[in-house]
Amino acid sequence: MAQKKVAVLGTGIIGAPVARNLRAEFAVSVWNRTPAKAAELATTDGVVAHATPAEAVAGADVVVTVLKDGPAVREVMEAAAPALAPGTVWIQLSTVGADAVGDLVDLAARHGLVLYDAPVQGTKQPAENGQLVVLAAGPAAGRDRAQAVFDAIGSRTVWVSQEPGAASRLKLALNSYVFALTHGAAESLALAEGLGVDPALVVDVIAGGPLDSPFFRAKAAAMLAGAYDPSFSVANAAKDARLVVAAAGAAGVPVDVTAAGLRRFERAAAAGHGAKDMAASRLAPDAAA
Ligand SMILES: NC(=O)c1ccc[n+]([C@@H]2O[C@H](COP(=O)([O-])OP(=O)(O)OC[C@H]3O[C@@H](n4cnc5c(N)ncnc54)[C@H](OP(=O)(O)O)[C@@H]3O)[C@@H](O)[C@H]2O)c1
């Protein structure tokens, strides 16, 4: 039987390994706004790279979007959708926030696509290892077509709802925790240094105790080494922190910590660290500077 075809639109930090991991089960085509990133995958990983979203999705059984934000997803899918057969499954992995999902639901309905709102928990390395946790919301009927893709890219799928949108809302709640951990580590290490003690001792004290976590270790190690290769960029973290603050405001939930953290990300980005990993919260200059 011919392999099913999956088209991946967006081959950034998460999209590239997602496309690679789909290769074992599916025929994979890709498109990326900056063509070099898609071309590199085609050269090294045997996927087929295309010049336009419409060319990439032609004949696809499933389309996966892994783009920066809601407006980018909408623009790219408006270009791709006319080339898709009604009934095609659209798996939307990008973090787009609570409001943008409504536009995507409308777009899917206009073109007869079956939308799964499916943001992911996990970063570059889990994506490379096929260990993402997929937060999924979409119709139960025909779910197996989406599940086959989730199984190829993730270690676990958490089905949140049959209505697209709930998974994106859960993703915002999770990001608020991720940002609190990141800024907490950054401030603790900076404070130790500022108070004249070795910041490595913060990690030493926490190691093996109830405050320890692989996430804390990874981010603290990056901060101590000044190694900020991006797993999740400051620019995208600021984008997501804005989505958290907006959704929380609409829901009447105070998110003081995320709002303060957003200002750290914005100061880090303004100081030229936007493309670095969000651990570069550690590099955010003094607000008064
Ligand atoms: N990295 C993580 O740890 C992580 C974890 C969970 C969720 N996410 C979410 O997953 C999504 C992708 O993240 P990432 O880390 O892979 O980001 P990334 O490396 O910055 O990739 C972003 C992708 O979006 C494309 N893009 C941006 N603006 C566009 C536009 N206006 N039109 C068309 N394409 C556009 C980029 O194309 P170019 O290559 O041309 O710039 C690239 O393919 C984001 O929504 C992010 O919040 C990321």
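## The shell around the ligand

Helices α4 (70-80) and α11 (234-251) each supply at least two residues of the shell around the ligand. The largest contribution is from α4, with 3 residues. Helices here are DSSP runs (H or I, at least four residues), and strands are runs of E of at least two residues, numbered from the N terminus.

In total, 27 residues surround the ligand, and the closest are Gly12, Arg33, Thr34, Thr123 and Phe232. A residue is near a molecule or strand if its C-beta atom, placed from the backbone, lies within 6 Å of it. By type, the shell holds 8 nonpolar, 12 polar and 7 charged residues. Ala, Val, Leu, Ile, Met, Phe, Trp, Tyr, Cys and Pro count as nonpolar, Asp, Glu, Lys and Arg as charged, and the others, Gly among them, as polar.

## About the model

This is a predicted model, in which local features need pLDDT of at least 70 and side-chain atom pairs count only at pLDDT 80 or more, while totals for chains, interfaces and linings use all residues. Residues are numbered from 1 along each chain as its sequence is written.

## Two domains

The protein chain is assigned domain 1 (5-163) and domain 2 (169-283), with bounds that come from an automatic or database domain assignment. Their C-alpha centres lie 27 Å apart. Between the two, 13 residues of domain 1 are in contact with 14 residues of domain 2; contact requires C-beta atoms, placed from the backbone, within 7 Å. The side of domain 1 that touches domain 2 has 5 nonpolar, 5 polar and 3 charged residues.

The ligand lies between domain 1 and domain 2, because both give residues to the shell around it.

## Lys171

UniProt, in an unreviewed entry, places the feature "active site" at Lys171. UniProt positions are given in the numbering used here, feature names are shortened, and annotations may be inferred rather than shown by experiment. Lys171 is part of helix α8 (residues 166-194).

Lys171 counts as buried because it has 25 C-beta neighbours inside 10 Å. The cut-offs are 20 or more other C-beta atoms within 10 Å for buried, 12 or fewer for exposed, and in between for partly exposed, with C-beta atoms placed from the backbone. Leaving aside residues up to four places away in sequence, Lys171 touches Thr95, Pro119 and Leu135.

## Ala200

Ala200 belongs to helix α9 (residues 200-206). With 14 other C-beta atoms within 10 Å, Ala200 is partly exposed. Ala200 and Gly252 are 52 residues apart along the chain, and their C-alpha atoms are separated by 39 Å.
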